[in-house]
Amino acid sequence: MIEPSDDAFAERRFLISGESRPAFARYARLHQDRARARRVILAPERAYEVDPIGEAVLALCDGELTVGEIVERLASIYSAPAEIIANDVGKMLQGLADKRLLRDGPDLRAPAPLSFAAQSYSYSPGGPAGLLAELTHRCPLQCPYCSNPLEMERAATELSADEWGDAFRQAAAMGVLQLHLSGGEPTARRDLERILAGAVEAGLYTNLITAGVLLTREALQRLADIGLDHVQLSIQDVDPENADRISGYKGGLSKKRDVARWTRELGLGLTVNAPMHRQNMERLPAIVDFAVEVDAQRIEVAHIQYYAWAEKNRAALIPTREDFLKTIEIVDAAKARLTGVLTFDFVIHDHYATWPKACMGGWAQSIVVLTPSGRVLPCHAAQTLPGLTFDTVRERKLADIWRNGAAFEAFRGEDWMKEPCRACDRRKIDFGGCRCQAFAVTGDASATDPACQLSLHHGRFAALAEAESRVAPPPFIYRRMGGLASSGADVG
């Protein structure tokens, strides 16, 4: 077992001892992933695979048995020395506790068991694990780095709640585990409760990705009662004036604090999503403190990816290399300081990278995206690529689109790759990087991602960031339905 430290946050950390009575928090649970013949822990935006021994341990974590009693039972079952089992069990449970997935004592708000429909699917292998559902492109915020397309889809074209429910059932039968309810702003949908009910009935783990400003406590309570698992709450800054300026929305930060508090009071998982750019990154330490203050389990410190609206605003958003490197130091120090209090996801800045990321886990590898009108995409920026045709769930089954759709086949696997990707040892790690970024920079969607040091365009890619980041930023071009709009204000 781990001994308590003198750290100021030690009292916030659940330290596993022989007297602990571990149980899953409301927003985490064991799940049989029948599509992949494995046992997993479903958690906020994650699925952690569990081996048979881990499953045996977690099956006893009911919030009533102490760790000592769990060890005794396992020692009897496996005829193994209790001291060896105690050490292994302690390490395993502490790792989960430090991800904020376990609590001491049962959570009486645990989710209901899977519906009969969710238990009856006949799976076929090779489906995605995640579904990003853009319920609407409507949003009261106007963030200049929004990943929605410049030509946004109108409310009149949006799938109905029944159509979303059918899509969720199809996704679950393909093996999708995680559902990300996004937008725009998903809470702008008046039928969000019906949409969520369809997702819960389908057996999906539900993540609500929201700016929070349209939510009331009563509305969030109803979503929790239906079966919502987790809220990802975006913040623009912890300086109220700058947050208002970035989002084009007044008073948002105060409302976000309320939403974070309600989320935790209701026992839901909470992630703070903090997009990073040159106009807020100096307050990264304060943003981390905000996440701790509101008792988030996770924080996503995500440097802006430059496509869609962010590409239009690149010169206003892109940081210097030195400022980017400082964020790495800040996050590394915070991770060490906040072990067991806050879990970090850190998305690095592509322009200053050495190797590309496996964008979306690889093209058509693990994530599928549905736009508000039901278009099915391999990634949320895929519509920026010319020459691709995107099917809709109104015209074709989701599984057929995933397996055979022309857009999905375009960059799946390795046959499309050119050198140096084709012969690179990393091709099964990063899958050639981002196709949308490759096209935006080189004009060729099959080119090596310029974030890669092996790309012929890598030097120009990095130099572009260096040049733009060292001059005064231009005004924001705000994300607005129906066209581009400049802030017309000094944003320096």
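Me: Which side chain meets Arg426 in a salt bridge?
Reply: This is a predicted model, in which local features need pLDDT of at least 70, side-chain atom pairs count only at pLDDT 80 or more, and totals for chains, interfaces and linings use all residues. Residues are numbered from 1 along each chain as its sequence is written, and side-chain values use heavy atoms, with hydrogens and water left out. A salt bridge is a side-chain nitrogen of Lys or Arg within 4 Å of a carboxyl oxygen of Asp or Glu. At 3.4 Å, N to O, the partner of Arg426 is Asp430.

Me: Is Asp430 buried or exposed?
Reply: Buried means under 20% relative accessible area, exposed over 50%, and partly exposed in between (1.4 Å probe, protein chains only). Asp430 has 6% relative accessibility, so Asp430 counts as buried.

Me: Where does Arg394 lie, the residue that pairs with Glu163?
Reply: The side chains of Glu163 and Arg394 form a salt bridge at 3.0 Å, N to O. Helices (H or I, at least four residues) and strands (E, at least two) are DSSP runs, numbered from the N terminus. Glu163 sits in helix H4 (residues 161-174), and 231 residues apart from it, Arg394 is in the loop between strand E14 (376-377) and helix H13 (398-404).

Me: Which residues does Thr66 contact, leaving aside neighbours within four places in sequence?
Reply: Thr66 belongs to the loop between helix H1 (52-59) and helix H2 (67-78). Its relative accessibility is 7%, so Thr66 is buried. With contact taken as heavy atoms within 4.5 Å, the partners of Thr66 are Gly18, Glu19, Ser20 and Arg21.
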